[in-house]
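I set out to record what I looked up in this structure, entry by entry. The entries follow the order in which I consulted the model.

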Amino acid sequence: MIGLSGVGFSGVTGRGMVLLVLTALGLAVAPLVADRYLVSVLTTVLWFAYVGQAWNVMMGFSGLLSLGHALYVGLGAYVSAALFVHFGIGPWAGMILAMLVAVAAGCIIGFLGFRFGVKGVHFALLTIAFAEVARIGFDHITWVGGSGGFFLPVEAGASDPLNLRGSPLLFYYVALALVLGALVLSRVLLHSRLGYQWLAVREEPDAAEASGVDLFRARMTAVAVSAALTALGGVFQAFYFNNLFPEQVFSMGRSIEIILPAIVGGIGTLVGPILGAFILTPLGELLTFLIEAGGLDLPGLKQLFYGVALVVIVVFRPEGVWPWLARRLRLVRQPGEGA
Amino acid sequence: MTALLEVEGLSKRFRGLKAVSDVSFTVPEGRILALIGPNGAGKTTTFNLIAGVFPPDEGRVTLKGRSLTGLKPNQVCAAGIGRTFQIVKPFGQLTVEENVVVGALARERSVETARHQARAVLERLELADQANRPARSLTLPDRKRLEVARALATRPTLLLLDEVLAGLRPTEVDRMVGVLRDLNRREGLTILMIEHVMRAVMALSDRVVVLDHGEKIADGAPAEVVADPRVVESYLGAEALD
């Protein structure tokens, strides 16, 4: 039984498995036929698919709403970039510290939230507050460029995978590996003892606790895992774009962009965040294209259309697109159909 | 006959309101004790004090001589007390089996083993045919059974049942009474139950404790307790005297 759908563990059908493998293979060979632009769009899609999955560990699996995930992206990005620029430590080593710093930040938020009973929306506010403090704080840390931005050295034509320096293709495959890695990790976690406990805590915390689940520990682990994964996304971002601005990396807008794929695709599902990213990023690109082609260069028009498209998806598929699609295409077994 | 659970001088106030006041009783090992009383008598509060939902203002709770006072619900569960909720709390999006697996994981690290245990418990509670349905789709009687199944899966030495028979039809009550009696007789499971269905209380319990306004007003064999004028007046109703 391979649960890739639904908010529980319902199994994937043979057809679903085939489609999954074909999609992965398709993505693996995509750069052979795609042009430079398409590869960059796909890389963005994969990045959002990845951080969406990371966010999903908190909200989707454990019911903890974080609206400040840009914090972990930013910490991961800045820590790994600073190690590289100031000490010459490459990202493969630097990511360890990047993850640890993000986990530490997550644990502080989690400790405050869970020890003092800050729940639901108020917990979400706490996560926003920390991201905002980081955004403003990093504006003043001149060691990493302050508000003027922090830049990684770029050498044209350099190919040094050990330091994550290279062509867009390298980044594409790293992003693809992150997505597949997160997918496998999410599935393994969800089917572990911890995964069952997370879902129980999400559904009914009191009943979970009465069934022997240590709420504090279960929630802290979810935050730690989510923060660590998201920080890796930050490391990727730093070395992909080679520039970091607190106003962008830690922005509220970024936090929202991170959660949209999961909401659109299906919160709590394994495939949802990935599907959501494949819907949203191309939709954004398409809108840009249409607006340019139509000569309607009004500021904010793209965001407006984007917002309308989102509303449509959320109103008509409130559980997300994936659960509906999976049912329609019979990619998963329905509960009651047997395992 | 040794006492499995000892409750001594338990008191709890909520903003001045005395919910539970100096309540003491013991549950002997292998027996079924029923906690009865009118609504608002403090029965569920007593349960919550035993289960660690909140700490008592005064008094203590011991299980097999070990103090449970101040422990959190998950620690009380680990100590050997399983409980159900009066207002059922299934993990709605999970299947019936997954709900029970969560319970079994309280004492089991392997999900696979927990699944086997969960299946056995579901057989026991006659829920096996519903195993793959989402818990939210169950009928109320089945949800009540699921509460018991999940609590039982934690392998408790003492089971706390909070009105698991309320809202069930007579045939369903009989079915549940049969299951509970079986668990008690065959496996020696000790049960402390809050119950309004007097027919079941009389059929199952070895001893009855009556609460009224947070105080214990009677404690004894079922037949004695229902004949006690104070119990009749406060709970069973005057017409029962006729």
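**Strands, domains and core**

I began with a strand pair in this predicted model. Strand 1 (residues 3-14) of chain B runs antiparallel to strand 4 (residues 58-63) of chain B, and five bridges join the two.

In chain B, four strands form an open sheet in the order 2-1-4-5, with antiparallel pairing. Strand 2 (17-28) and strand 5 (66-67) of chain B are the edge strands, each pairing on one side only.

Next I turned to the domains. Chain B is divided into domain 1, covering 3-80 + 157-241, and domain 2, covering 93-155. I noted 24 Å between the C-alpha centres of domain 1 and domain 2 of chain B. Their contact takes nine residues from domain 1 of chain B and 10 residues from domain 2 of chain B. On the domain 1 side of that contact, helix 2 (73-79), strand 7 (158-162) and helix 6 (170-187) of chain B each supply at least two residues. I sorted this side of domain 1 of chain B by class and recorded seven nonpolar, one polar and one charged residues.

Last, I examined the largest nonpolar core, which has 178 residues. Among the members that touch the most others are A:Tyr50, A:Ala102 and B:Ala149. Domain 1 and domain 2 of chain B each contribute at least three residues to this core. For A:Ala102, leaving aside neighbours within four places in sequence, I listed contacts including A:Tyr72, A:Leu75 and A:Ala231.

Methods:
Residues numbered from 1 in each chain as written. Chains lettered and ligands numbered in written order. Predicted model: local features only at pLDDT ≥ 70, side-chain atom pairs only at ≥ 80, totals over all residues. Domains from an automatic or database assignment. Contact = placed C-beta atoms within 7 Å. Nonpolar A, V, L, I, M, F, W, Y, C, P; charged D, E, K, R; others polar. Pairing = 2+ DSSP bridges. Core = buried A, V, L, I, M, F, W, Y, C linked by C-beta atoms within 7 Å. Buried ≥ 20, exposed ≤ 12 C-beta atoms within 10 Å, placed from the backbone.
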